[in-house]
Amino acid sequence: MDGDYNVGGVFSIHNYMHTVRHNFTTTPEPLRCTGSIDSRELRFARAMIFAIEEINNSTELLPGIKLGYQIHDSCASVPVAVHVAFQLSNGLDPVFDTGDNCSRSGMVMAIIGESGSTPSISMSRIFGSFNIPQVSHFATCACLSDKKQYPSFFRTVPSDQFQADALAKLVKHFGWTWIGAIWSDSDYGNNGMASFLEAAQKEGICVEYSESFFRSHPRSRIQRVADVIRRSTATVVVAFAASGDMRILLEELSLEPSPPRQWIGSEAWVTDPDMLRFSFCAGSIGFGIQQSVIPGLRDFLLDLSPSEVAASPVLTEFWEDSFNCRLKKSAATGKSLCDGTEDIQTLQSPYTDTSQLRITNMVYKAVYAIAHAIHNAVCQETNSTTQCDKFTRIESKQVLAQLKKVNFSQNGYDVSFDANGDPLATYELVNWQKTESGSIELVTVGLYDASLQVEQEFHINRNLTWMEDSTEVPVSVCSDSCPPGTRKVLQKGKPICCYDCVPCPEGEISNTTDSPDCFPCPKEFWPNADRDTCFPKPVEFLSFDEVLGIILAAFSVGGACLAIITAAVFFRHRSSPIVRANNSELSFLLLFSLTLCFLCSLTFIGAPSEWSCMLRHTAFGITFVLCISCVLGKTIVVLMAFKATLPGSNVMKWFGPLQQRMTVVSFTCIQVLICIIWLAVSPPFPMKNLTTYKERIILECALGSDIGFWAVLGYIGLLAVFCFLLAVLARKLPDNFNEAKLITFSMLIFCAVWITFIPAYVSSPGKFTVAVEIFAILASSFGLTFCIFAPKCFIILFQPEKNTKKHLMNKN
């Protein structure tokens with residue numbers, strides 16, 4: 001239809017171009033299309049006509065100006081699309097050639113189309129050279145956003161770059177990390193899949209296989225792609241393909257049953273109503289252009305008079321294919337003549353289906369965008385009225401300049417273009433769901449808005465159904481997620497999504513799923529059994545609440561009570577010969593020191609503190625020196641007593657009671673001096689031992705100065721050895737009751753205990769170190785008590801007849 005200003009349209013009404021083998025001896029026959037009509041594309045073309053007629057009837061947009069149109073079929077092929085582009089560029093189509101040199105008939109101001117990216121690229125290179133704006137309704141290749149290569153290209157459909165990012169985020173959203181990828185071997189598929197794979201890699205998604213194909217490839221190539229899908233371990237398949245290509249692949253897959261697959265589709269095929277017949281793809285999800293409503297479009301599509309159909313070869317072919325009859329008596333086709341009862345109102349096809357207008361609205365918006373650009377170029381606003389001059393001569397480059405500025409709203413849909421000629425990117429999330437009747441319908445389940453912040457782009461508002469009509473989200477991973485307490489170790493030669501889960505080493509945890517590393521707990525913490533949480537290490541020390549502490553405390557108190565009872569017995573019989581004969585003053589002092597020795601072991605039980613650490617070692621050292629000093633005094637008394645019995649000996653005057661006291665005090669003061677120096681230079685202090693056990697803390701007393709500790713212990717040992725040697729010398733002295741023998745046995749036990757104490761002390765871990773020290777104190781204290789005082793108490797209490805001066809002197 002001619003008009004004051006004409007708009008071109010290019011649609012893939014047929015899917016194939018008729019190809020012939022040229023012999024280069026005859027004139028090639030004209031390019032022509034073959035195959036069946038794509039009724040969806042026919043609807044796009046008719047929607048363009050509807051929009052132009054709506055604008056021509058408008059009193060606000062281009063009043064008084066009539067738009068014309070030229071619509072061509074590109075056959076979805078580059079050669080035909082290029083041929084059409086040249087026809088539209090030079091304006092020499094004979095249909096509109098009136099012979100008037102001043103007429104603008106045949107010249108187009110802008111182009112709508114093409115549906116595919118590859119034909120659009122070829123056309124845009126031609127239109128760009130002539131500054132003819134091209135507005136595509138369905139060419140989504142991200143490459144077309146390059147204004148250096150395609151300066152006059154615009155589109156009302158979002159770029160695939162947005163869709164690729166959205167698909168990658170969708171896959172990540174449902175936790176799929178192991179997928180298959182297939183795509184059309186075209187500019188649309190190649191560029192779209194490249195963008196998707198790049199986005200998927202950033203999201204940590206791995207691709208098991210990637211295969212490309214095209215509808216015109218040999219069937220063997222299509223079969224190979226189908227076999228790869230059947231043999232794969234990935235449950236999810238992302239398909240970035242044109243609907244014509246996808247139809248061929250799904251037909252091949254339907255021939256032989258394959259394991260269930262969760263299909264993720266690009267907009268080109270997942271919203272195509274014709275694809276819903278593949279029931280094994282139920283549960284597919286993908287992104288689609290938002291649904292829309294175009295008032296009056298359905299009535300326009302169905303308002304086809306027989307004369308109008310007969311006048312158009314395309315409509316005639318569509319009518320005959322839809323009703324399987326012939327409108328004219330043409331060549332025999334095996335079809336009967338149409339009888340006039342055919343009713344398009346009852347026809348079920350993508351042409352008549354206006355329930356989900358998506359791309360159709362993109363055509364509608366493209367027509368209005370061009371109309372607004374022409375309006376801004378030829379119309380003037382004066383006194384709130386619009387004046388348009390249809391005789392104004394404008395060129396396509398003026399329309400191109402105005403098209404960059406358009407910003408309007410039509411039927412509630414905003415239309416504008418950014419610097420790259422792209423619109424704002426918003427998608428509906430669609431899902432193929434089975435109805436009660438068993439058919440599949442396209443259901444909108446959410447929305448994606450690329451303009452929102454990260455992780456807020458998705459808004460899912462309905463339940464989804466998945467493959468095999470399941471309500472559970474399918475799993476598609478190369479390796480199961482590693483639970484907390486483990487870390488991922490990549491499998492050699494495989495993608496990063498294939499890994500083994502290795503437990504964290506001792507002392508380390510991981511508290512997140514799929515953690516790449518484990519990290520150590522702080523020094524005073526230790527992992528739990530699952531190694532996913534750090535807990536404070538239990539603090540261990542010898543306490544009064546545990547069995548070992550109670551037993552040692554009981555023996556300590558019992559030993560002190562035993563020493564006190566012995567002292568009481570001795571005091572009760574202090575005038576008896578056996579008590580008086582063995583230096584009763586030193587005996588009472590020895591029993592007092594033994595009581596302190598027993599009680600000082602209590603300071604080793606309980607949580608160490610600053611004062612208890614200093615007290616336990618110094619009290620132990622001083623009381624034991626006091627004890628050994630008393631024993632040493634007794635030993636010397638025995639030796640001196642024997643020497644005193646020899647004629648002319650006056651040795652006892654040099655070792656009387658005063659000298660005995662001075663000896664005990666002198667020996668004890670040396671130990672007190674050692675302890676004072678130790679406490680002044682580097683005293684013992686409480687510390688947390690983190691090295692002996694990894695999983696618990698030992699609360700113990702550090703020695704401060706090792707030299708001080710071993711000096712205290714060494715001094716005790718020196719006195720004990722000296723006492724032992726003197727007792728050995730006096731063991732055979734003639735006497736009925738020679739105390740030297742008892743001292744010898746007691747010193748033998750004492751030395752044996754402390755000699756074995758040293759290796760046991762060094763090798764005992766944790767609280768057992770303290771237990772060994774307490775045991776040594778108690779054992780040596782009990783040894784002294786029993787060896788020195790038990791025989792005397794036995795005689796005093798049970799053999800009083802022996803507790804006489806005669807028996808003691810052996811005078812009977």
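Modeller: Gladly! Contact, or touching, means heavy atoms within 4.5 Å. Helices (H or I, at least four residues) and strands (E, at least two) are DSSP runs, numbered from the N terminus. Residues are numbered from 1 along each chain as its sequence is written, and side-chain values use heavy atoms, with hydrogens and water left out. The model is predicted: local features need pLDDT of at least 70 and side-chain atom pairs count only at pLDDT 80 or more, while totals for chains, interfaces and linings use all residues.

Colleague: Which residues of helix 12 meet helix 1?

Modeller: Start on the helix 1 side, where the residues involved include Phe 44, Ala 47, Met 48 and Ala 51. Across from them, the residues of helix 12 are Ile 359, Thr 360, Val 363, Tyr 364, Val 367, Tyr 368 and Ala 371.

Colleague: At what angle do helix 1 and helix 12 pack, and is their crossing left-handed or right-handed?

Modeller: Axes are lines fitted to C-alpha atoms, for helices over the stretch in contact, and angles run from 0 to 180 degrees between N-to-C directions. The two axes are 9 Å apart, at an angle of about 35°. A crossing is left-handed if the near helix is turned anticlockwise from the far one by less than a right angle, and right-handed if clockwise. Helix 1 passes helix 12 in a crossing that is right-handed.

Colleague: Is Leu 62 buried or exposed?

Modeller: Leu 62 sits in the loop between helix 1 (39–56) and strand 4 (67–73). Its phi is near 55°, a positive value in a residue other than glycine. Most residues other than glycine have a negative phi. With a relative accessibility of 0%, Leu 62 counts as buried.

Colleague: What is the relative accessible area of Asn 411?

Modeller: Asn 411 is in the loop between strand 15 (407–410) and strand 16. Asn 411 also has a positive phi, about 55°, although it is not a glycine. Asn 411 counts as partly exposed because its relative accessible area is 34%.

Colleague: What is omega for the cis peptide bond between Gly 113 and Glu 114?

Modeller: Most peptide bonds are trans. Glu 114 belongs to the loop between strand 5 (108–112) and helix 3 (117–129). The bond joining Gly 113 to Glu 114 is cis, and its omega is about -5°.

Colleague: Which side chain makes a polar contact with that of Asp 422?

Modeller: Asp 422 lies in the loop between strand 16 (413–416) and strand 17 (426–434), and at 4% relative accessibility it counts as buried. Beyond four places in sequence, Asp 422 touches Ser 145, Arg 155, Ser 159, Ser 416 and Phe 417. A polar contact is a pair of N or O atoms within 3.5 Å; within protein, one must be able to donate a hydrogen and the other to accept it, and residues adjacent in sequence count only if both atoms are side-chain atoms. At 2.7 Å, the partner of Asp 422 is Arg 155.

Colleague: Is helix 14 roughly parallel or antiparallel to helix 16?

Modeller: Among the residues that meet are Gly 559 and Ala 563 in helix 14 and Leu 591 and Leu 594 in helix 16. The axes of helix 14 (547–572) and helix 16 (584–600) are 8 Å apart at an angle of about 165°. Angles under 35 degrees count as roughly parallel, over 145 as roughly antiparallel, 65 to 115 as roughly perpendicular and the rest as oblique. Therefore helix 14 and helix 16 are roughly antiparallel.

Colleague: How many Å apart in space are Tyr 761 and Val 772, C-alpha to C-alpha?

Modeller: Tyr 761 is part of helix 20 (residues 739–763) and counts as buried, at 13% relative accessibility. Val 772 is one of the residues that Tyr 761 touches. They are 11 residues apart in sequence, and their C-alpha atoms are separated by 6.1 Å.

Technical notes:
Buried means under 20% relative accessible area, exposed over 50%, partly exposed in between (1.4 Å probe, protein chains only).
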